[in-house]
Amino acid sequence: MGYRKLGATSDRRKAMLRGLVTALLQNGSIVTTETRAKEVQSIAERLIGIAVREADNFTSKQKTVSAAKTNSKGKVLTVAKTSKNGRKYNVVEREVKTELVRVDDASRLAARKQAIAWIYNVKDAKGENVNVVNKLFDEIAPKYKERKGGYTRIYKTGCRRGDAAPMAILELV
């Protein structure tokens with residue numbers, strides 16, 4: 001068989017598992033049924049393992065970046081210019097900076113693409129985008145760098161009141 005069908009068609013099952021994996025990595029723990037927790041655990045362990053292997057696989061390089069100048073209140077500064085035919089127009093003032101930028105190696109980029117296949121884009125309470133893939137590679141993976149596996153844990157909590165389904169808490173160790 002290979003996997004649990006969870007009483008859903010393949011597209012619904014994959015969507016449900018993607019949502020649970022995203023919630024686990026975003027929040028650190030989820031409450032769900034035991035069978036769903038076991039499926040999510042295997043997916044999350046695999047993603048975290050991939051991220052741990054690629055934790056330090058990047059280089060840093062200098063990059064020149066052009067950005068608009070702003071005043072103390074955050075407004076963009078403009079300069080009045082005159083064209084060849086005498087028309088006046090405003091141009092945004094720009095400043096050129098050099099920044100140290102992290103560049104992923106090919107294998108780390110491939111690992112990020114594997115993680116993106118399982119993780120949804122989510123928004124926080126304020127409505128701003130939260131990049132869970134960045135959290136996986138920048139926060140979670142370095143934390144588990146010394147571990148050889150077993151990144152998640154399942155606690156059985158008893159039965160659900162409505163249908164007596166066995167419930168569990170799945171959390172990152």
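Q: Which exposed residues does the face of α4 turned away from its buried side carry?
A: In this predicted model, that face carries Glu139 and Lys143. To be called exposed, a residue needs over 50% relative accessible area.

Q: Which residues of α4 are buried, and how do you know that they line one face?
A: Val132, Val133, Leu136, Phe137, Ile140 and Ala141 are buried. Seen down the axis of α4, they fall within an arc of 135°, so they line one face of the helix. Their packing partners include α1 (10–27), α2 (34–53) and β9 (166–172).

Q: How do you know that the span of α4 agrees with its number of residues?
A: Helix α4 has 12 residues (132–143), and at 1.5 Å a residue they should span 16 Å. The end C-alpha atoms are 15 Å apart, which agrees.

Q: What makes asparagine 131 a cap for the N-terminal end of α4?
A: One of its side-chain oxygens lies 3.2 Å from the backbone nitrogen of valine 133. The cut-off for a polar contact is 3.5 Å.

Q: Why is the pair of tyrosine 144 and tyrosine 151 called tilted?
A: Their ring centres are 5.3 Å apart and their planes are at 50°. Pairing needs centres within 6.5 Å, and planes under 30 degrees apart would be stacked, over 60 edge-to-face, so the rest count as tilted. Both tyrosine 144 and tyrosine 151 are buried.

Q: Where does the charged end of arginine 112 sit?
A: The charged end of arginine 112 sits over the ring of phenylalanine 137, 5.1 Å from its centre.

Terms used
Residues are numbered from 1 along each chain as its sequence is written. This is a predicted model: local features need pLDDT of at least 70, side-chain atom pairs count only at pLDDT 80 or more; totals for chains, interfaces and linings use all residues. Side-chain values use heavy atoms; hydrogens and water are left out. Rings of Phe, Tyr and Trp (its six-membered ring) pair if their centres lie within 6.5 Å; planes under 30 degrees apart count as stacked, over 60 as edge-to-face and the rest as tilted. Buried means under 20% relative accessible area, exposed over 50%, partly exposed in between (1.4 Å probe, protein chains only). A charge sits over a ring if NZ of Lys or CZ of Arg is within 6 Å of the ring centre and within 35 degrees of the ring normal. Helices (H or I, at least four residues) and strands (E, at least two) are DSSP runs, numbered from the N terminus. The expected span of a helix is 1.5 Å times one less than its number of residues. The arc is that of the directions from the helix axis to the C-beta atoms. Contact means heavy atoms within 4.5 Å. A polar contact is a pair of N or O atoms within 3.5 Å; within protein, one must be able to donate a hydrogen and the other to accept it, and residues adjacent in sequence count only if both atoms are side-chain atoms.
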